Every structure is written in structure tokens, then in C-alpha cells.
Amino acid sequence: MRYDPPFHRTNGLWPTLILIALAAVAPFVISDSYTRHLLILAFMYAIVASSWDFSLGFGGLFNFAHGALFAVGLYTYALTTKFLAVSPWLALVLAGAAAIILAVAIALPVLRLDGIYVILVTIAVSQLLYQITVSQSDFTGGTSGVVSLPGLKIGKYPFIRDGKIGYYYTALALLVISTAFLYAITRSRLGRAAVALRDNKFFAIARGVSEARTRVLTLAASALFTGIAGGFYGSYVRVASPDVYGTGFLTTILSILLVGGAATLWGPIAAAFLITFLSELLVDLGPWREIIMGLIIILVVVFYPGGLWAFIQELREKVDGVRTGVTATYRRKRGKTAREAMMSGAKESYIRTLHGLTAISDSGGNLPALLLIHGNSACKEAFYKQYAALKDRFRLIAFDLPGHGVSSNADPETTYNAVAYAEVAESVLADRGVSQAYVFGWSLGGYVALELAARENVKILGLAIAGTSPLTVVPDDFADGYDASSHLILSGKQFFTAQESYDYASSATAPKSAESAFMHRNLPRTDGRARAYMMTKLAIVNWPRQMRRLWENAFPFAIVNGDNDPFLNHDYIRRLSSAEDWPHVLIEIEDGKHAPFFNKPDEFNKAIVSLFAGA
């Protein structure tokens with residue numbers, strides 16, 4: 001199942017609503033007619049650039065006739081309103097339809113072309129249309145264009161009045177509708193097919209994606225609002241000039257797309273405003289304005305190819321890193337006593353490792369050590385029921401993974417992966433003076449436990465995992481070992497909405513209740529980079545080594561799962577456990593879900609004691 005929530009359940013909802021609200025009230029604050037003019041141009045540029053982004057960025061089609069789509073929309077508006085007396089509002093619709101027809105016509109000769117050949121053909125089409133426009137002066141006005149076009153109005157109220165406020169709100173509405181359309185289509189089957197063809201054409205075709213159909217529909221979708229924007233431009237400036245076929249307009253739109261960030265949708269929209277107003281600020285520099293703007297574009301493309309949107313995302317990441325780090329620091333200072341009480345009096349201490357400050361809960365004593373390793377976006381307190389029930393049988397040691405609980409955040413590139421987490425586990429045991437231990441790992445902690453055992457720096461007396469599918473080949477086994485439910489996919493998502501946070505915590509541990517509320521509160525503290533980087537760093541783990549260690553039967557091992565774990569492909573695990581010569585047991589706890597140690601602690605604790613008692 002592909003996780004793709006509706007927009008109203010994403011983190012973009014409130015920022016978008018706030019920006020729309022600010023844009024809606026802006027005319028009441030900005031009375032200057034020229035500033036409104038710049039905003040109207042920025043809205044229009046944003047529509048055209050974001051539409052081009054769908055075909056160029058998402059679809060990978062180097063359609064350099066995009067300016068011609070805008071021009072066709074402009075001339076359609078001009079000819080239908082000027083000579084056919086069509087309503088300007090209907091002419092806007094016809095402008096979009098004419099652009100779609102042209103896009104389909106462009107698609108036909110480029111269906112079997114790629115790369116530079118598409119560029120050459122689309123440039124040739126654009127120049128052909130320019131020559132037709134100039135040569136048919138009886139209709140198009142030739143090089144002079146068509147002038148005195150009808151403007152937009154409602155009743156007898158022309159939109160040009162009152163500081164162009166009518167055009168302002170029309171442009172804003174078109175941008176909102178265009179963006180909603182593009183947002184929906186990028187997440188549709190067409191959008192996924194377009195991206196698949198861009199990323200791996202032959203694999204996509206082998207999986208049933210029609211290249212011809214996808215290219216035609218991609219260009220058509222990209223053309224719709226581009227043509228409407230062309231018609232709107234004609235109604236606004238009241239002139240249809242062949243200048244829009246030139247490189248100046250095309251370069252402006254391409255600059256906006258590249259500076260904003262290709263294949264982002266939102267980047268070109270943000271860049272449209274930046275470039276429009278930056279260009280205006282430099283207008284007094286004469287020819288130097290174009291030079292400076294060109295240098296900015298070159299610098300962005302060369303040194304920051306992700307564009308403005310990538311910068312915004314990186315800034316957001318840094319802010320969230322500061323927020324989660326401050327939260328961890330605050331909780332270290334304020335909640336230690338409560339956490340120790342929760343862990344049946346086990347003392348909480350802190351050590352400095354190569355991967356930052358790590359919080360440890362140690363019940364102490366001379367009993368055999370049992371190391372408990374928690375899962376993704378959780379904390380060591382997840383095992384508080386084991387501390388209450390097993391403290392007379394084991395010396396219980398748990399720690400917060402870096403970026404989790406009250407441990408500090410760390411360098412995501414070097415720390416947020418199973419190998420580094422295993423290094424932290426070794427440091428924890430060494431600090432506690434433990435050279436041999438039983439180990440239990442839950443979910444992500446299961447892979448940390450397997451990696452700890454495979455490294456052989458600590459003597460493993462016994463090992464158990466829950467909510468974890470042992471892997472040999474990644475990503476193949478990962479895809480087979482898990483049920484790709486929406487909530488599993490959240491495990492690699494960097495930023496959660498409130499609903500996603502609730503959904504993930506409910507599936508990973510338990511629905512929110514008095515006893516599980518702390519887990520729900522802890523999830524927003526987790527450094528979101530820990531989730532995102534953990535998924536991208538799967539390839540650095542030596543998975544075959546982990547599996548070889550299990551086949552060697554060097555220590556007691558068991559998979560202890562809830563029989564209704566929503567994340568796992570239980571058939572995969574059962575096939576592994578029933579394989580010939582597989583020396584270990586599979587224990588399935590009824591209604592244990594993803595965290596059987598939490599949801600069914602009595603059955604889980606009994607299984608752990610039974611497994612390790614004879615070790």
C-alpha cells in the first residue's frame with residue numbers, strides 16, 4: 001500500500017492556508033498599483049513554471065516548447081475575444097484547451113525520442129509557431145501583435161479598476177486551483193507513471209507503464225493551466241505579442257523552475273515571487289541586472305541544484321533538530337526522578353559515546369545482564385513492564401538510542417543506522433562493566449541486536465527479537481519481510497503530522513491510553529532525521545553476516561512476535577523458521593501486536609525466561 005495522505009492531513013496544510021490568507025488580505029495592506037502588478041506577474045509566472053515542472057521535473061520531458069503553450073493560450077484568447085466576440089471568461093477556457101491540443105501535437109513526434117532530440121524538436125515546433133504567427137498578420141497582427149484586447153469584468157465592473165484588484169484575486173485564484181490540480185495529478189497514477197519513466201524507463205515499461213500514453217497525458221496536464229495563464233495575461237496587458245515566443249520569456253520561466261527546484265512543485269511557486277521582486281530591485285542597474293540574475297541562476301544550479309525548495313527543507317530540518325534537541329535537554333533536567341520511578345527504581349545515568357550523550361537505565365546488581373534495545377521513535381521506558389517483572393531474574397539495562405528519548409541528537413550521516421547503534425550498545429555495556437549479556441531487540445532494536453551479535457565484541461548469552469524480520473538480501477528481503485502498510489511507511493518519514501504521530505504510535509506500540517500515553521508523547525521528541533536516515537542507510541549493514549551468525553547456532557535465539565503484528569509479513573518469518581536445519585524457535589503471542597512485551601507482558605516475560613533459563 002502506498003502511503004499518500006490527502007493534503008488536509010499533511011504538514012503543508014496550515015502553512016498553505018496561512019500563505020493564502022496573507023495573499024488574500026495583501027491588497028488591503030498594499031495599495032500601490034505597481035506592487036500589485038508585480039504580484040500578479042508573480043502569480044502568473046508561478047502557474048506557468050509549476051506546470052512546466054510537472055513535465056520537465058516530474059516527467060523528465062525536455063519540452064522547450066512550453067513557452068509556445070503559453071503563447072497559444074495568449075493568441076487563442078486574443079483571436080476569440082477580438083474577432084469572434086467570445087466572452088473573455090470562456091476564452092480563458094478555450095486558451096487552456098488550445099494549449100492541450102498543441103501539447104498533444106508536440107507529443108506525437110517526440111514519443112520515440114529522448115534527451116537532446118526532444119529539446120531540438122520542441123524548439124523547432126516553437127519556432128514554427130512563431131513563424132506562423134508572424135506570417136499571418138491579417139489575423140495575428142504580425143510582429144505588432146493584436147492590441148486592445150477585451151479585459152476581464154463582472155457585469156459592468158472592469159477588473160482593472162481599484163488598483164487592479166480584480167486581476168489580483170483572479171490571478172491568486174488561478175494559482176490556487178492550478179496548484180491543487182498539479183498536487184493531485186503528481187500523486188495520481190499518471191504522476192507515478194511519469195516519475196517511473198523518468199527514473200527507469202525500461203523497468204517502468206516492463207511493469208506495464210505505457211510510454212506513449214504517459215507522455216501525451218503528461219504534456220497535456222502541463223499545458224492546461226499554462227494556456228489559461230496565457231489567456232489571462234492577454235486579458236491583463238490587453239496585447240498579444242509574438243515576443244512571448246522568444247527566449248526571454250522562456251528563460252525567465254526556466255530560471256524560476258531551476259532556482260525553485262525541479263520536481264518539487266512548491267519550489268517554482270516560491271521562486272516566482274523571489275525572482276520577480278529581485279529582478280525589480282535590480283532594475284536600476286541596467287544591463288547588470290541580467291548579468292546578476294544569470295550569475296545567481298548559475299550559482300544555484302552548480303552549487304545548490306536542489307534549489308530554493310531544498311534550502312527551505314534543510315532549514316526546516318535544522319529547526320526541527322534544534323527543537324527535538326532542546327526537548328531532550330529539558331526532559332533530562334526535569335523528568336529524571338519520574339523516569340526512575342517508572343523503571344522500578346533503576347538509576348538513570350549518562351555517558352558520552354562517539355555518537356553523543358546516551359541515557360542509560362540500569363537496575364544494577366550481580367544478576368545476569370539483559371540488554372533491552374527499543375525500536376524506532378520509542379525510548380527505553382517502553383520496557384518498564386519488564387523492569388517491574390524481571391528485575392529479580394536479570395540485571396536489566398536499557399538505553400535511549402541517539403536521537404531518541406533523553407539521549408542527545410547526533411550526526412545523522414554517521415549515527416542514525418544500525419551499525420552505529422550497535423557501537424553505542426557496546427559502549428553502554430562496557431560502561432556498565434558487562435562483557436556478556438542476554439539481548440532483546442524490538443523492531444529497529446532487533447536489527448541493532450543482530451548487528452551487536454554479528455560484531456562479536458560482546459559475548460551473547462542469548463538473543464531474542466520482536467517485530468523484526470531477519471534479512472539476508474536488502475532490499476529484496478525487506479520488501480518480502482514486511483507488510484507495506486501505510487503505518488510501516490511512516491517509519492521512514494521525517495516529519496509527522498499530529499494524526500500521523502498518533503497513527504504510528506498506535507500501530508507500533510498501542511492506542512493511546514493511560515499506560516501508553518508516554519510513548520505517544522515521546523514520538524514527537526524523536527529526531528526526524530533518525531527515521532529518514534535509518535531507512536536510507538540499510539545498505540551499509542552486512543545483512544548476510546547477521547544471518548550467518550544465526551545459522552551458526554552460537555547462542556539461543558528466538559523470534560517472539562505478536563501473531564497480529566501489522567508491520568510484518570508473517571508468512572516470510574514462518575517460512576524462515578520452518579526451513580530445514582533452522583535451529584531456532586518462533587514464538588507467536590496472541591494479540592501481541594507489534595510490541596508483545598508491552599501489550600502482553602506476562603506471556604512475553606514467560607517466553608523470555610523460558611528461552612534464557614537454559615542458556
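I began with Val302, which lies in helix α13 (helices are DSSP runs of H or I of at least four residues, numbered from the N terminus). The model is predicted, with local features needing pLDDT of at least 70 and side-chain atom pairs pLDDT 80 or more, while totals for chains, interfaces and linings use all residues. Residues are numbered from 1 along each chain as its sequence is written, and side-chain values use heavy atoms, without hydrogens and water.

**Entry 1: the surface.** I then noted a nonpolar surface patch of about 980 Å², whose residues include Trp288, Val302 and Phe303. Such a patch joins nonpolar side chains within 5 Å, from residues with over 30% relative accessible area and no salt bridge. Helix α13 (residues 287–303) gives the most to this patch, eight residues.

Entry 2: I looked up which members of the largest nonpolar core, of 72 residues, touch the most others: Tyr45 and Phe232. A nonpolar core is a set of buried Ala, Val, Leu, Ile, Met, Phe, Trp, Tyr and Cys residues joined through side-chain atoms within 4.5 Å. Helix α2 (residues 33–58) supplies the largest share of this core, twelve residues.

**Entry 3: a buried charge.** I found Arg531 in helix α24 (residues 528–536). Arg531 is buried and has no salt bridge; Asp320, the nearest side chain of opposite charge, is 6.1 Å away. A salt bridge requires a side-chain nitrogen of Lys or Arg within 4 Å of a carboxyl oxygen of Asp or Glu.

Methods:
Patch = residues over 30% accessible without salt bridge, like charges linked within 9 Å, V, L, I, M, F, W, Y side chains within 5 Å. Areas by Shrake-Rupley, 256 points an atom, 1.4 Å probe, with all protein chains shown as cover. Helix = DSSP H or I, 4+ residues; strand = E, 2+ residues; numbered from the N terminus. Buried < 20%, exposed > 50% of the residue type's maximum accessible area, 1.4 Å probe, protein only. Lys, Arg positive; Asp, Glu negative; His and termini not counted.
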